[in-house]
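Here are my notes on this model. Please keep the structure open while you read.

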Amino acid sequence: MQHIYSDPTFQMATDQFDLVADHLQIPKDLRDRLKFPKRSIGVSVPVRMDDGSTQVFQGYRVQHTLAMGPTKGGTRFGTTVTIGEVAALAMWMSWKCALAGLPYGGAKGGVYVDRKLSLNELEHLSRRYMQEMIPFIGPHIDIIGPDMGTNEQVMAWFMDTYSAYMGYSVPEIVTGKPVGIGGTYGRREATGRGVVYLVERAAHLLKMKLADGRAVVQGFGNVGAVAAQGLAYKNGMKIIGISDVAGAYYNDHGIDIRAAERYALDHGDLTGFPGAEPIPAADLLTLRCDVLVPAAVSGVIHGGNASKIQCRILAEGANGPTTVDADRVLLERWNEVFVIPDILCNAGGVIVSYFEWVQSLQSLFWNETEVVDRLFRLLETSFGLVTRRAREEKIPHRTAALAIGLERVMKARQSRGLFP
Ligand code: NAD
């Protein structure tokens with residue numbers, strides 16, 4: 001089929017889709033309706049830079065399926081962003097939301113940004129991107145959240161821009177905003193916290209002790225840093241390897257995660273962090289460890305390194321960290337590496353985003369205990385469904401997770417029928 005999404009990440013998402021659609025024996029016409037995004041929007045975003053020049057950035061938003069309710073998804077600012085990557089991430093969001101039982105279709109957005117922006121420039125970019133999106137989004141159409149390269153502050157600018165346009169405050173248009181303007185307790189920590197909860201569940205299933213075990217975390221942002229903290233301080237693991245975009249670091253005695261976080265905050269990234277030795281970035285993922293958490297970009301575990309991965313639990317904090325080639329290798333090593341697939345492992349973020357949306361719509365706020373308790377209950381249900389289905393059908397956890405999500409979207413589509 002001719003389409004505009006040509007990109008390795010989109011290819012990966014559709015290859016995964018095809019494997020699961022084969023397993024579920026979905027007929028061809030229904031496959032195409034489920035696979036390709038319903039809507040894709042491309043915008044040019046002109047931004048006045050600090051030096052007085054005007055730069056035009058390319059931005060996107062993809063709404064994958066409208067069968068389940070409004071769409072929901074984060075916004076990525078960075079160098080990997082293409083319409084194809086955004087479409088892949090939107091598709092994964094559909095299966096992820098359906099697996100967790102949330103009343104959303106998947107969406108995603110992004111802006112290709114290839115330079116360091118000042119705070120002022122970041123604000124201009126964020127506000128103008130949101131302004132360009134106004135005709136296509138709404139609290140009951142498409143709700144925006146954070147992803148790589150965006151944060152609470154960007155969400156606050158998004159919300160303020162949308163609200164200024166509407167003439168009143170519309171906190172329910174974004175999630176991941178600061179608590180002081182209608183955000184929820186526990187959103188910032190939600191994804192990393194969910195990753196840690198699922199690692200604990202997997203370890204329990206494998207009768208494996210986490211305390212004093214070794215963990216490696218790739219990516220030291222919202223997901224990676226919170227996951228590293230939970231593994232270290234809640235479970236007593238030694239975090240022997242961490243990395244960010246600037247480099248990877250190793251310390252066999254365990255890295256002081258709080259010190260690393262302080263350092264990254266003070267210096268912008270981990271470059272020169274004195275609490276560990278720099279190692280080649282590619283070596284990080286093949287360190288011998290009990291738990292490996294890729295929490296950065298997609299495609300980092302591939303056909304070339306999957307046989308060298310030396311962890312017992314692979315907890316996919318990132319979206320799409322493992323390619324289809326790598327999955328084939330990991331399938332043969334199923335009794336060595338327990339995979340917690342991304343659409344299950346990092347679902348904590350969208351689950352608490354859903355809680356935030358509900359609270360914003362009702363103007364009725366929950367405390368953090370309530371948020372975390374409800375988060376863990378939803379993750380527990382999903383974990384049980386995925387591991388049971390994998391066992392019963394003798395399929396990998398990823399196939400099981402995708403099959404559950406895809407089936408739910410397919411049933412909704414079939415119930416609603418084809419218009420006209
Ligand atoms: P973030 O921007 O807060 O942090 C990203 C981190 O990854 C940074 O430390 C950055 O330096 C590092 N990084 C970037 N490129 C890298 C590379 N090539 N190698 C090593 N490190 C690299 O982003 P985040 O919100 O933590 O998101 C991380 C991943 O988790 C993404 O794949 C994202 O889609 C996924 N995710 C995030 C959420 C969420 O709630 N934030 C939810 C679900 C999934």
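Predicted model: local features only at pLDDT ≥ 70, side-chain atom pairs only at ≥ 80, totals over all residues.

1. First, a rule for checking helices. The expected span of a helix is 1.5 Å times one less than its number of residues. Helix α1 covers residues 8–24, which makes 17 residues, so it should span 24 Å. Its end C-alpha atoms lie 24 Å apart, and the two values agree.

2. Now look at the two ends of α1. At the start, a side-chain oxygen of D7 comes to within 2.7 Å of the backbone nitrogen of T9. After the helix comes Q25, with a positive phi near 55°.

3. Which residues of α1 are buried? They are T9, F10, M12, A13, T14, Q16, F17, V20, A21 and L24. In an α-helix, residues three or four places apart point the same way, because there are 3.6 residues a turn.

4. What covers the buried residues of α1? The cover includes α2 (28–35), α3 (83–100), α10 (324–332), α13 (368–393) and α14 (397–416).

5. Next, the cysteines. How many disulfides are there? The count is 0, where a disulfide needs two cysteine sulfur atoms within 2.5 Å.

6. C289 is in no disulfide either. Its nearest cysteine sulfur, that of C311, is 5.1 Å away. C289 counts as buried, at 7% relative accessibility.

Definitions and conventions:
Residues numbered from 1 in each chain as written. Heavy atoms only, no water. Buried < 20%, exposed > 50% of the residue type's maximum accessible area, 1.4 Å probe, protein only. Helix = DSSP H or I, 4+ residues; strand = E, 2+ residues; numbered from the N terminus. Contact = heavy atoms within 4.5 Å. Polar contact = N/O pair within 3.5 Å; in protein donor to acceptor, adjacent residues only side chain to side chain.
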